[in-house]
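Thanks for passing this one along.

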Amino acid sequence: MNEHLLSMHDVSADDVIRILDTAESFREVGSRVIKKVPALRGRTVVNFFLENSTRTRISFELAAKRLSADVINFSAGGSSVSKGESLKDTALTLQAMGADAIVIRHSSSGSPLQLTKWVDGHVINAGDGTHEHPTQALLDAATVRDRLGGVAGRRIGIVGDVLHSRVARSNVFLLATLGAEVVLVAPPTLLPVGVAAWPCRVGTDLEAELPGLDVVMMLRVQAERMHGAFFPSSREYAVRYGLSERRAALLPEHAVVLHPGPMVRGMEIAPAVADAPSSAVLAQVQNGVHVRMAVLYHLLAGAAA
Amino acid sequence: MNEHLLSMHDVSADDVIRILDTAESFREVGSRVIKKVPALRGRTVVNFFLENSTRTRISFELAAKRLSADVINFSAGGSSVSKGESLKDTALTLQAMGADAIVIRHSSSGSPLQLTKWVDGHVINAGDGTHEHPTQALLDAATVRDRLGGVAGRRIGIVGDVLHSRVARSNVFLLATLGAEVVLVAPPTLLPVGVAAWPCRVGTDLEAELPGLDVVMMLRVQAERMHGAFFPSSREYAVRYGLSERRAALLPEHAVVLHPGPMVRGMEIAPAVADAPSSAVLAQVQNGVHVRMAVLYHLLAGAAA
Amino acid sequence: MNEHLLSMHDVSADDVIRILDTAESFREVGSRVIKKVPALRGRTVVNFFLENSTRTRISFELAAKRLSADVINFSAGGSSVSKGESLKDTALTLQAMGADAIVIRHSSSGSPLQLTKWVDGHVINAGDGTHEHPTQALLDAATVRDRLGGVAGRRIGIVGDVLHSRVARSNVFLLATLGAEVVLVAPPTLLPVGVAAWPCRVGTDLEAELPGLDVVMMLRVQAERMHGAFFPSSREYAVRYGLSERRAALLPEHAVVLHPGPMVRGMEIAPAVADAPSSAVLAQVQNGVHVRMAVLYHLLAGAAA
């Protein structure tokens with residue numbers, strides 16, 4: 001496995017399987033009363049979050065703590081960053097303090113890669129701009145594997161604001177690596193330039209696609225990243241790309257519904273669909289902690305071994 | 001003991017005594033150089049604070065850490081809550097991540113009870129709107145017991161903004177459970193509807209009540225919750241319901257002065273009164289950590305045993 | 001050693017040497033895979049930061065965690081302080097909760113000293129207004145010792161906004177204690193009243209001083225503390241007091257460049273100078289963690305022994 005986890009291009013199919021297998025063994029740890037192993041005792045993991053995300057920050061914090069690492073939370077507000085320090089100097093400072101791994105979330109695509117050019121420690125991308133969010137794709141793959149016994153050969157639809165979604169980008173590449181057939185279903189204005197080169201098909205008619213899907217992954221509408229007017233209104237979005245009860249009924253019986261969260265119920269997904277047995281939304285969250293434990297373990301404990 | 005601690009109605013007199021006794025044994029731990037026991041190693045306690053409170057958050061954080069639990073702090077700012085996620089989805093997410101206990105502070109009365117309908121883990125109310133703040137009442141009872149040898153039969157006055165005070169509500173019910181005689185002293189505009197059904201007497205003349213009290217509990221003026229005009233001015237409040245030196249002199253020699261903090265000196269309480277030997281304000285803070293250790297211990301270690 | 005670390009006047013030359021020697025032994029701990037010793041297990045260190053400083057807060061947090069202490073972070077936003085509580089009451093509250101040490105950063109000079117009058121625990125000044133920042137001076141001395149083999153007899157220039165710099169103040173006194181010759185180089189408007197009584201010389205011509213310096217310490221421009229107009233523009237500051245490449249070339253070969261960070265590159269220091277081998281900026285950061293471990297160790301473990 002690579003020294004860092006920046007994008008799904010950093011991991012081979014073998015690496016992914018190894019991470020998912022390790023995550024499964026950590027799930028067993030998570031079911032104990034004492035949910036802790038000493039694997040990373042005395043290591044320092046810095047959650048370097050320059051963009052807000054309580055959910056992902058907590059997931060990484062718990063993952064590191066369950067491996068007995070020390071965790072430092074660093075967020076933008078009131079930090080040296082706001083005093084005019086460059087990203088490079090902040091990163092070098094964290095390294096000089098002894099950070100073994102830096103988990104970075106940043107609004108600029110490519111900043112985790114930049115970081116690796118400056119620091120010696122391990123860098124984990126926890127979401128960079130509209131680029132990638134690899135641990136999200138890994139936890140999605142873990143969830144599909146759990147529910148359907150495997151990823152290869154499944155048809156997986158990714159629905160919604162693909163343009164602004166790092167989750168979509170990481171998933172397309174990971175799922176293709178694992179042999180799935182991926183279909184993007186999005187308004188033409190919310191598809192990225194160059195999507196033709198991605199290992200997937202593009203559709204626009206959600207209802208025509210649903211009956212053929214094994215998995216439907218609804219994306220969050222990244223309202224905070226839509227600086228222009230990409231669609232007329234949120235109501236319009238829900239009408240055309242939301243997963244209503246009527247639409248969910250078009251899915252095959254065995255199909256699994258995913259959403260990376262936080263969900264805006266009634267917008268991307270109807271409440272009854274989010275709560276139905278076919279929804280794996282909470283399994284995704286649970287797998288998130290175990291997948292992140294596995295990533296930290298392979299990067300940090302692997303390197304020391 | 002119940003699975004959750006939501007209100008003083010969840011605990012019998014026996015439960016209360018058990019918690020106070022356990023808190024006393026944890027006080028001994030707190031006096032050691034190594035203030036730590038391994039009781040909750042590997043458990044995860046989430047401080048889910050959707051309303052600001054550094055003091056209560058730190059008290060719970062210390063309590064959990066002294067029991068060797070892992071603590072995650074979750075506050076509203078910049079969280080998924082601000083991205084439109086419902087309270088239910090946030091709670092289910094925390095549970096899916098493996099939270100063994102959720103300590104919740106929320107501006108809406110009843111939200112901790114709601115939480116228990118969604119999550120399997122233990123829920124502890126750290127203050128909900130104008131409803132209850134049970135660990136505050138427990139630490140107050142612990143403090144009265146320390147100072148006066150017991151609660152039963154004591155006459156305890158609760159003075160000030162009862163209407164907005166979850167501290168008052170929890171205390172009235174807990175103190176009555178323990179056999180104390182409770183008197184509320186408040187401006188008529190700051191008494192809740194239905195107070196006639198509470199197990200206490202209501203007075204309006206503070207100076208007439210003081211000579212008969214064993215304990216006087218001053219309430220914080222909840223300026224942040226007074227959306228209307230409940231009294232003419234803060235000066236007027238101090239004049240009529242503040243505990244001045246002259247008024248404190250009306251108390252019996254043995255009487256104890258309590259305040260839940262943070263104090264606005266000169267408003268609810270005169271500086272000299274807050275610092276007098278009769279004041280148990282800092283004993284309350286100290287008991288707070290031990291009472292919260294006891295609550296976490298009974299809910300979490302009890303459940304596992 | 002004293003019970004507190006408030007200013008460089010609290011420590012004798014012997015104390016300083018003892019701290020620097022201990023810091024060196026902790027550097028060895030920092031180079032291990034498991035960067036942790038059990039020295040302060042079960043102790044509670046509170047980071048009480050009423051002024052923003054991610055960098056110093058993290059350095060103390062890591063120092064305490066590597067000694068196995070429990071760390072509580074307390075910052076101003078949304079705290080009891082904002083509800084009108086006095087500094088004294090907040091400090092007494094932290095002590096009542098069992099804080100063994102309070103690391104305080106505050107915008108008012110002298111507030112750490114005030115704290116010691118109220119609490120029994122150890123107080124460490126992490127920067128108070130324009131007064132002192134003793135752990136910064138200690139880490140600077142550690143860095144000079146590393147690079148030049150000692151501090152005594154070296155000529156050290158401190159350049160820039162001395163008036164607002166607690167770093168300058170702490171360094172002047174510490175470096176003089178250790179036998180260095182200190183020169184302040186600053187615009188006359190940015191020199192404090194009374195500087196004539198300090199154990200140092202004052203210069204105004206940076207370029208004339210550089211060839212004679214063993215160490216040049218650039219100060220951060222405390223833009224947030226400059227309420228008036230102390231110099232015409234930041235461009236003007238850079239032109240007259242910035243360490244450009246041309247100026248850095250005037251230093252002797254062996255000279256060391258220091259900056260407390262966060263750096264505003266191009267303002268106080270040219271990027272190429274900050275990154276040159278003569279720059280010890282990152283060594284300062286690294287020494288910061290070890291010096292703070294040493295201070296916590298001597299104050300807390302020493303007291304218990």
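1. Let me begin inside one chain. The side chains of B:Lys65 and B:Glu61 are joined by a polar contact of 2.9 Å (a pair of N or O atoms within 3.5 Å; within protein, one must be able to donate a hydrogen and the other to accept it, and residues adjacent in sequence count only if both atoms are side-chain atoms). B:Lys65 sits in helix H2 of chain B, where helices (H or I, at least four residues) and strands (E, at least two) are DSSP runs, numbered from the N terminus. With 15% relative accessibility, B:Lys65 counts as buried (buried means under 20% relative accessible area, exposed over 50%, partly exposed in between, with a 1.4 Å probe and protein chains only). Neighbours within four places in sequence aside, B:Lys65 is in contact with B:Lys36, B:Val71, C:Asp70, C:Val71 and C:Ile72; contact means heavy atoms within 4.5 Å.

2. A word on conventions. This is a predicted model, in which local features need pLDDT of at least 70 and side-chain atom pairs count only at pLDDT 80 or more, while totals for chains, interfaces and linings use all residues. Residues are numbered from 1 along each chain as its sequence is written, chains are lettered from A and ligands numbered from 1 in the order in which they are written, and side-chain values use heavy atoms, with hydrogens and water left out.

3. Now the interface of chain B and chain C. It takes 26 residues from chain B and 26 residues from chain C. The two chains bury about 2300 Å² between them, 56% of it on carbon and sulfur atoms; buried area is the accessible area (1.4 Å probe) that two parts lose on being put together, summed over both.

4. How many salt bridges are there between chain B and chain C? The count is three, a salt bridge being a side-chain nitrogen of Lys or Arg within 4 Å of a carboxyl oxygen of Asp or Glu. C:Asp100 forms a salt bridge with B:Lys35, and the closest N and O atoms are 2.6 Å apart. On the side of chain B that touches chain C, the elements giving two or more residues are helix H2 (54-66) and helix H11 (281-304) of chain B. H2(B) provides the largest share, nine residues. By class, that side has 10 nonpolar, five polar and 11 charged residues (Ala, Val, Leu, Ile, Met, Phe, Trp, Tyr, Cys and Pro count as nonpolar, Asp, Glu, Lys and Arg as charged, and the others, Gly among them, as polar).

5. For chain A and chain B, 26 residues of chain A are in contact with 26 residues of chain B. About 2300 Å² is buried between chain A and chain B, 56% of it on carbon and sulfur atoms. Three salt bridges are found across this interface, and B:Asp100 and A:Lys35 meet in a salt bridge of 2.7 Å, N to O. The count of residue pairs in polar contact between chain A and chain B is 11, both residues at pLDDT 80 or more.

6. On symmetry, chain A can be laid on chain B with an RMSD of 0.0 Å by a turn of 120° and a shift of 0.0 Å along the axis. The two copies are thus related as by a three-fold rotation axis. Copies are superposed by least squares on the C-alpha atoms of residues with pLDDT of at least 70 in both.

7. Helix H3 (residues 87-96) of chain B deserves a look. Seven of its 10 residues are buried, so H3 of chain B is largely enclosed by the rest of the structure. Among the buried residues of H3(B) are B:Asp89, B:Leu92 and B:Leu94. B:Gly98, which follows H3(B), has a positive phi, near 105°.

8. Over all chains, the structure holds 48 salt bridges. In one of chain B, the side chains of B:Arg166 and B:Glu51 meet at 3.1 Å, N to O. B:Arg166 lies in helix H6 (residues 166-177) of chain B and B:Glu51 in the loop between strand S1 (44-49) and H2 of chain B, so the pair ties together parts that are 115 residues apart in sequence. Both B:Arg166 and B:Glu51 are buried. In chain A, A:Asp21, A:Glu24 and A:Arg145 are linked in a network of salt bridges.
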